[in-house]
Amino acid sequence: MNKKELVDAIADRVGDKKTATEAVNAVLDAIQTAVASGDKVSITGFGAFEMVHKPARTARNPSTGAEIHVAESWGPKFRPGSDFKELVNNGGKKSSKKR
């Protein structure tokens, strides 16, 4: 599913495509802005987005074997929540057991 398909799926629930597009864009922008500023975004049952530090390291060029320096960087990380993992493990079907 890409962004357009997500907007279409949400439009079926909220009534119109314009509202759905604004909602999707607002949610994605809020998550990206918060994570980029160092905050952790946790959505209960879905998962958590956070920024992780990747320290500088030495790597090897696979074709020549020469060592190369990889600079430190920061990147986004997503950890799925337990409900999300359970849904995926059950092939997209919600579990019938209550918690």
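**Pocket, strands and aromatic rings**

The lining of the largest pocket divides into 14 nonpolar residues, one polar and one charged, where Ala, Val, Leu, Ile, Met, Phe, Trp, Tyr, Cys and Pro count as nonpolar, Asp, Glu, Lys and Arg as charged, and the others, Gly among them, as polar. This is a predicted model, in which local features need pLDDT of at least 70 and side-chain atom pairs count only at pLDDT 80 or more, while totals for chains, interfaces and linings use all residues. Residues are numbered from 1 along each chain as its sequence is written, and side-chain values use heavy atoms, with hydrogens and water left out.

In all, 16 residues line the largest pocket, and Leu6, Ile10, Val27, Leu28 and Phe46 are the ones nearest its centre. The most comes from α2, with eight residues. The space in the largest pocket is about 530 Å³. A pocket here is an open set of points on a 1 Å grid over the protein atoms alone, with protein on both sides within 12 Å along at least five of seven lines, and a lining residue has an atom within 4 Å of a point. Grid points are joined across faces, edges and corners, and the volume is the space filled by probe spheres set on the points.

Now for the strands. Helices (H or I, at least four residues) and strands (E, at least two) are DSSP runs, numbered from the N terminus. Three strands make up an open sheet in the order β1-β2-β5, with antiparallel pairing; two strands pair if DSSP finds at least two bridges between them. β1 and β5 sit at the edges with a single partner strand each, so one side of each has no neighbour in the sheet. From one strand to the next, the twist averages 25°, with axes taken as lines fitted to C-alpha atoms and angles running from 0 to 180 degrees between N-to-C directions.

Within this sheet, β1 and β2 run antiparallel and are joined by three bridges. Ser42 has Ala48 in β2 as its bridge partner. The two strands form a hairpin with three residues between them, and Gly45 in the turn has a positive phi of about 85°. β2 also pairs with β5 in the antiparallel sense, over eight bridges, and here Gly47 stands opposite Pro80 in β5.

A further antiparallel pairing, over four bridges, brings together β3 (residues 57-60) and β4 (residues 67-70). Thr58 faces His69 in β4. The hairpin of β3 and β4 has six residues between the strands, and Gly65 takes a positive phi near 80° in it. Ile68 belongs to strand β4 and is partly exposed at 42% relative accessibility (buried means under 20% relative accessible area, exposed over 50% and partly exposed in between, with a 1.4 Å probe and protein chains only). Ile68 and Ser82 are 14 residues apart along the chain, and their C-alpha atoms are separated by 39 Å.

As for the aromatic rings, the structure holds five aromatic pairs. Rings of Phe, Tyr and Trp (its six-membered ring) pair if their centres lie within 6.5 Å, and planes under 30 degrees apart count as stacked, over 60 as edge-to-face and the rest as tilted. The ring centres of Phe46 and Phe78 are 5.4 Å apart and their planes lie at 50°, so this pair is tilted. The pair links distant parts of the chain, 32 residues apart, with Phe46 in the loop between β1 (41-43) and β2 (47-54) and Phe78 in strand β5 (residues 73-80). Phe46 is partly exposed, with a relative accessible area of 36%, and Phe78 is also partly exposed, at 32%. Phe46, Phe49, Phe78 and Phe84 form one aromatic cluster.

A few other positions round out the picture. Asp8 lies in helix α1 and is partly exposed at 26% relative accessibility. The C-alpha atoms of Asp8 and Ala20 are 7.5 Å apart, with 12 residues of separation along the chain. Lys93 is found in the segment after α3 (82-89) and counts as exposed at 59% relative accessibility. Lys93 lies 83 residues from Ile10 in sequence and 19 Å from it in space, C-alpha to C-alpha; Ile10 is one of the residues nearest the centre of the largest pocket.

How values were computed. On a 1 Å grid over the protein atoms alone, a cavity is a set of points where a 1.4 Å probe fits but cannot get out, and a pocket is an open set with protein on both sides within 12 Å along at least five of seven lines; lining residues have an atom within 4 Å of a point.
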